[in-house]
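Dear colleague,

I am passing on to you the structure we spoke of, and below it I have set out what was found. Please read the notes with the structure open beside them.

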There are 2 protein chains.
Amino acid sequence: MTSPLRIIPLGGFGEVGRNLTVLELDGDIICIDCGLMFPDSDMPGVDIVLPNFTYLEENVDRIKGYFITHGHEDHHGALPYILPRAPAPVFATKLTRGLIEVKLKEHGLLDSTEIHTIHPDDTIEIGPFKVEPFRVSHSIPDSVGFGIETPYGMVVHTAEFKFDLTPVNGQLTDIRRLVSYAERGVIALLSDSTNAERAGHTPSEAIVAEALERVFERAPGRIILATFASNISRVQEVINIATEFERKVALVGRSMEKNTAMAMELGYLKDDEGVIMSLQELEEIPHEDAVIVCTGTQGEPNSALVRMAHDRHREVSIVPGDTVVVSASPIPGNEEPVHQTLDHLFRHGADVLYQALTPVHVSGHGSREELALMLTIVAPRYFVPNGGEYRMLALHAKLAEGLGIPSENIFVIESGNVIEIDDKGARVLERTVPGEYIYVDGSGVGDVGESVLRDRRLLARDGFVVAAVNMRDGEPIGQAEIMTSGFVYHRESSEILKELADFTTDFVRKTKAPASEMGDRLKSALGQRIHELTRRRPTIMTVVKEV
Amino acid sequence: MTSPLRIIPLGGFGEVGRNLTVLELDGDIICIDCGLMFPDSDMPGVDIVLPNFTYLEENVDRIKGYFITHGHEDHHGALPYILPRAPAPVFATKLTRGLIEVKLKEHGLLDSTEIHTIHPDDTIEIGPFKVEPFRVSHSIPDSVGFGIETPYGMVVHTAEFKFDLTPVNGQLTDIRRLVSYAERGVIALLSDSTNAERAGHTPSEAIVAEALERVFERAPGRIILATFASNISRVQEVINIATEFERKVALVGRSMEKNTAMAMELGYLKDDEGVIMSLQELEEIPHEDAVIVCTGTQGEPNSALVRMAHDRHREVSIVPGDTVVVSASPIPGNEEPVHQTLDHLFRHGADVLYQALTPVHVSGHGSREELALMLTIVAPRYFVPNGGEYRMLALHAKLAEGLGIPSENIFVIESGNVIEIDDKGARVLERTVPGEYIYVDGSGVGDVGESVLRDRRLLARDGFVVAAVNMRDGEPIGQAEIMTSGFVYHRESSEILKELADFTTDFVRKTKAPASEMGDRLKSALGQRIHELTRRRPTIMTVVKEV
């Protein structure tokens, strides 16, 4: 007798990024994706956010493999953190594998990791699962979704997809293979909800090529184009158009150089006419013949574009005549740094083009009509919206309901929920597994949690105050010392600091308590006094010692 | 001989909000607007941001008046902070005055402030200026721009405007009056750049009414509509449609209640059929007859909608069947809290409608075709884009250039710049006046500056560590004490804390230095040790006392 099939998202459901979905059957586990998430502005100091790997650590012997859908970091970037804790072979298409290997190498994990190259149209038998990748068009080549045969029917995980009928790389979403799954019977569809808020059909990547051609036609000087380092198709488009317009191209920035070198080696990036040159060589030719491709579309402080915008780039200064193209849209939460970067580029006199003005970028995710098309082709019995913030999942669910899937067959679940499927049907279990964020901060993985972030948010709001005083026989020794950071501007507020030192000394003198109690009592009295004086509530620490 | 005319923005140029523009002639000053700005996410702990009033304080005797364009807080909300420091009469239309008075009353400043009601078509002679307000359509009734006659020609300040030909309140932008200025000769136009990124023409407020009617037609239960408390026109639309659909309306939230009561008293809000009732009364009627109008469109933590979304509202719980309408767009920088609010509303099973899905809101700012129309009608000699982030000013400038205004006659300036106009023409002076942000934090105005914010951002990133130890004769007394906040999670990191205490004690023992020097040396050594251990750089304070 076969055990129930379980589908367990450990990240990526009800949020954007850190995609990781567990499939469990007969004691075996496979994972679809293993991605990271970049922190929101309310996660101060956090470097990256991981899927919750607690369940994987607890079941490490049962994991048969990580199947990676494509080469974006929110789908494979957690591998270097999770593989050491929950090792298993990795399965990926050629380009995806290349991008994963770049990261594993950086973490010194390349040699210790077993990686298999897969091809769309393969069938990988692993434990009780038959995994059949299928091509999807997305903003990076070699993207696949997975059809997974189980005793209860096919489970189809779409990955991130659009139905782009004129993609740059010719890689269409494989409707035939999807139909073949449907013919065999799909028990559950997990489909990309990212653009469930957008009506209609996402424009094809082909319109970006057209927009870029117009940019090349008109730009009087240098063209500086920013895109994701993983957006190999976009880089290819730029090389193609630069070739046509007889311009030379420099690829700038560490991740851009690494990824493009790898993509070239694997044959995913072609420069037949040899337009690529180093930045040093590019500096020797006239501006009107030059193109720079770099990172920085998200306003990342250390990216090439942001350093140029803030006059911090060693080789490149933005000058009037430059045309800057930001060929990506801001990831939600990055709007402010992105806008600041645009503002600075304009301040330097550049002509700046971005998605709000002209279609120099299109989404890699299908809009509502495409989501409806996927649902219609696959015709699943159960539907699980996937990979978006909660409102997108809810809107995707409503869309599916409108297409005739009964609402009781649609599961809007979040990371940590468990769907169980058996002969009687499917249901969401009451019990959950840990699905919360796991934070990486510096060298620490998981040692910064919600309580630390709460403290940091408090510190950010009003700073902190340290009051230190020694006492002997119930009397303060000398004047108390007050130190602060992020509280008030010292030069202008010496009065307040003096007042707080006096208050502390007086309080210790007046309060009859041993040093061991004095600290806490002083903390609360000082907090009250500070609030009276400033209407602020800084974090307070007291150091009271009996000497 | 007349002195030069100076135009000096103290806020609102190169940024959104805190609008305040100074006009100076023959020793006299008038101010257009006096608004506040809400802090960005990189201004932790800041409550509001003010225009820089240093120049006004220094020239307080010369200020003849504040002319306020409309009732949004980013145009008048700084009055309660600046009037005590730079008092002068306030001039505003009737509704704008009402909204200003609500705020002044809250600050106990109503009695001490001289306010004059103005009407579009008035001419107010004040010092050497003749100020002629003209109607503009915007998302609040009674909005005006100003034509100001000077010896050098008219200066036209458009305020925030659109050319809405079917506004709810019937108040059209007064093209005739604008033409009359043009006929007299306009030396300088200051025009609203907010939507300079948007092609075409902003849709009319009339389409919001249509969208809301469709919501009322379909909503099976309660309708909860969130808008700005100052958006009197939107509230009027809801009352009109509720009347038509025989629903009752409760206005919820302190600012919503205050503003609507005032607008009713002044005749700007009409409830002829008496559909408004208290929330208590509304709770007694069936959900399908009920409408709640409240604040919270920006995800403000204490607003009614956000409290409902997070199950923190005393009277209202969101239930399936509720239709929530968010009738505003997120102010840039507020996207995250807005999205979180939407997600929570969906989690409670509500049907949620917002601008991304359906036109339940339209912008109050004209798009590029309208900006071009304004430039064409007014035909100024000099043009100053105004009221937007830098990229919007730059795009507006480019638009004007395309319409034939020579680039040397277009001044893209930022807060603190000075434009001087005399018989020879206009120019931007090299000297500037203070234009930086002034922050309000708690009861402090201006005591938190960039350096304090920098400290707060550092604290937010990695928290802080306090190391305290007493010494005598070069030896530590007992074990050093380590206290932290926002650094590591204490329970799981007791090892690190122990290690740092040992390190501190050892360092004091080994280092031959008096207590006065020991603090700084320990700080730097401890910082290095912490970075080695954790790759983090918390703020460090040391308390080393010789006892």
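Just after H16(A), A:Arg535 takes up a positive phi of about 60°, and in the other chain B:Arg535, which follows H16(B), likewise has a positive phi, near 60°. Helices (H or I, at least four residues) and strands (E, at least two) are here DSSP runs, numbered from the N terminus. Please bear in mind that the model is predicted, that local features need pLDDT of at least 70 and side-chain atom pairs pLDDT 80 or more, while totals for chains, interfaces and linings use all residues. Residues are numbered from 1 along each chain as its sequence is written, chains are lettered from A and ligands numbered from 1 in the order in which they are written, and side-chain values use heavy atoms, with hydrogens and water left out.

As for the two chains, chain A can be laid on chain B with an RMSD of 0.0 Å by a turn of 180° and a shift of 0.0 Å along the axis, the superposition being by least squares on the C-alpha atoms of residues with pLDDT of at least 70 in both. The two copies are thus related as by a two-fold rotation axis. The same surface serves both copies, since 99% of the contact residues of chain A recur in chain B, contact meaning heavy atoms within 4.5 Å.

Lastly, A:His365 lies in the loop between strand E18 (351-354) and helix H12 (368-378) of chain A, and is buried, with a relative accessible area of 14%. Its side chain makes a polar contact with the side chain of A:Asp192 (2.8 Å), and another, of 3.3 Å, joins the side chains of A:His365 and A:Thr194. A polar contact is a pair of N or O atoms within 3.5 Å, of which, within protein, one must be able to donate a hydrogen and the other to accept it, and residues adjacent in sequence count only if both atoms are side-chain atoms.

Definitions and conventions:
Buried means under 20% relative accessible area, exposed over 50%, partly exposed in between (1.4 Å probe, protein chains only).
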